[in-house]
Amino acid sequence: MKENRSFSSVKYRKLHKKTDDSYIDEQFSHETPKIPWKAICLAAMLFLGGIFLLITGILIVTGHLDTKYGDRTWPIFILGVLTFLPGAYHIRIAYYAYRGYHGFSFDEIPEFE
């Protein structure tokens, strides 16, 4: 069944055609980037949690922790890697953006609102 939609509320205006291909100065201005502190804190927590889980897994494998926890080695390693990698990646981007390296900016880190 076809719906009858009314487009009478849509406002149109005629675009003016420019004859010259000039640029506006504002399109080349660079704003100071907003630092996503929440995302950087989350990345730091992921990074530190991943390091903790990886070290715990290594201690279980090497026998420094009780061997009754030996069945938890692989899940600890997998969780450690899954938390360490994104944390290290975003910390690296934040560090390079802070130091001003070419090609890195805080816009590459997702913001959480």
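Helices (H or I, at least four residues) and strands (E, at least two) are DSSP runs, numbered from the N terminus. The model you have open is predicted: local features need pLDDT of at least 70, side-chain atom pairs count only at pLDDT 80 or more, and totals for chains, interfaces and linings use all residues. Residues are numbered from 1 along each chain as its sequence is written, and side-chain values use heavy atoms, with hydrogens and water left out.

**Stop 1: Thr73.** Select Thr73, which sits in helix α2. Is Thr73 buried or exposed? Thr73 counts as buried because its relative accessibility is 9% (buried means under 20% relative accessible area, exposed over 50%, partly exposed in between, with a 1.4 Å probe and protein chains only). Now show its contacts (heavy atoms within 4.5 Å). Leaving out residues up to four places away in sequence, Thr73 touches Gly57, Ile60 and Val61.

**Stop 2: the helix pair.** Select residues 37-62 for helix α1 and residues 73-99 for helix α2. They pack at an angle of about 145°, and their axes are 7 Å apart. Axes are lines fitted to C-alpha atoms, for helices over the stretch in contact, and angles run from 0 to 180 degrees between N-to-C directions. The contact of α1 with α2 involves 19 nonpolar residues, nine polar and no charged. Here Ala, Val, Leu, Ile, Met, Phe, Trp, Tyr, Cys and Pro count as nonpolar, Asp, Glu, Lys and Arg as charged, and the others, Gly among them, as polar.

**Stop 3: Ile40.** Move to Ile40, in helix α1. Ile40 counts as buried because its relative accessibility is 16%. Which residues does Ile40 touch, not counting residues up to four places away in sequence? Look for Ile35, Ile91, Ala94, Phe106 and Ile109. Finally, pick the C-alpha atoms of Ile40 and Ala94: they are separated by 7.2 Å, though the residues are 54 apart along the chain.
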